[in-house]
Amino acid sequence: MRLVIVTGMSGAGKTTALQTLEDMGFYCADNLPVLLIEKFAELVMNGQSEKQDIALGVDVRSGEELPNLEIIIRKWRENKYPFSILFLDSSDEVLIKRFKETRRSHPLSRNGRVEKGIELEREKLAFLKKEADQVIDTSRLLTKELRHELEKFKSEASLGEARQFLTAACSSQS
């Protein structure tokens, strides 16, 4: 069982990534309130849920709760919870193009300019990008290429878990 926080810039492909991870067997939840993430993870880690890989989508829609995630992540790292953070990014130019193509407004631009929303979002998500175990730049990726990157991420995470298990097993035998 693994827990992955999927985050990143609006328009960088988080929805596509979550759908792809779901196709790969992950249980996915998008935009779960930050204040519920810790309780949700506790239930999962304590075996009160099926042993299934889980991906949680988190982004700026969390609003004023988002800074609480930094505290949760720090606590999880200190307690050695088995989780990882996947950050999806893209160039500003590509994000602007994607918003124009879909005719959707950026969640932080309201009725203003998309560029300002992207700039503000980068500031708000800087801590998550810094904490990320992997950053995928989707600026030039097709959906099938993103899927390939996610398959590599899943494989590398599985190898990391095996290494942790072997390290723990060898340490307990010493």
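Reader: Is Asp-92 buried, partly exposed or exposed?
Author: This is a predicted model, and the values here are computed from it. Buried means under 20% relative accessible area and exposed means over 50%. Asp-92 has a relative accessible area of 31%, and by these cut-offs Asp-92 is partly exposed.

Reader: Which side chain does Asp-92 meet in a salt bridge?
Author: A salt bridge needs a side-chain nitrogen of Lys or Arg within 4 Å of a carboxyl oxygen of Asp or Glu. For Asp-92 the N to O distance is 2.8 Å, and the partner is Arg-122.

Reader: How many residues apart in sequence are the parts that this pair of Asp-92 and Arg-122 ties together?
Author: The side chains of Asp-92 and Arg-122 meet in a salt bridge. Asp-92 lies in helix H4 (residues 92-102) and Arg-122 in helix H5, so the parts tied together are apart in sequence by 30 residues.

Reader: Which helices hold Glu-131 and Arg-77?
Author: The side chains of Glu-131 and Arg-77 meet in a salt bridge at 3.1 Å, N to O. The pair ties together parts that are 54 residues apart in sequence, because Glu-131 lies in helix H5 (residues 114-131) and Arg-77 in helix H3 (residues 66-78). Glu-131 is partly exposed at 30% relative accessibility, and Arg-77 is partly exposed at 30%. The helices asked for are H5 for Glu-131 and H3 for Arg-77.

Reader: What separates Glu-149 and Lys-152 along helix H6?
Author: Their side chains meet in a salt bridge with an N to O distance of 3.3 Å. Glu-149 and Lys-152 are three residues apart in helix H6 (residues 143-173), so the separation is about one helical turn.

Reader: How many salt bridges does the structure hold?
Author: Some of them form a network, which links Lys-14, Asp-30, Asp-59 and Arg-61. The count for the structure is 15.

Reader: Which residues do ring pairs link into a cluster?
Author: The count of aromatic pairs is two. Trp-76 is buried at 1% relative accessibility, and Phe-83 is buried at 11%. The cluster consists of Trp-76, Tyr-81 and Phe-83.

Notes
Residues are numbered from 1 along each chain as its sequence is written. This is a predicted model: local features need pLDDT of at least 70, side-chain atom pairs count only at pLDDT 80 or more; totals for chains, interfaces and linings use all residues. Side-chain values use heavy atoms; hydrogens and water are left out. Rings of Phe, Tyr and Trp (its six-membered ring) pair if their centres lie within 6.5 Å; planes under 30 degrees apart count as stacked, over 60 as edge-to-face and the rest as tilted. Buried means under 20% relative accessible area, exposed over 50%, partly exposed in between (1.4 Å probe, protein chains only). Helices (H or I, at least four residues) and strands (E, at least two) are DSSP runs, numbered from the N terminus.
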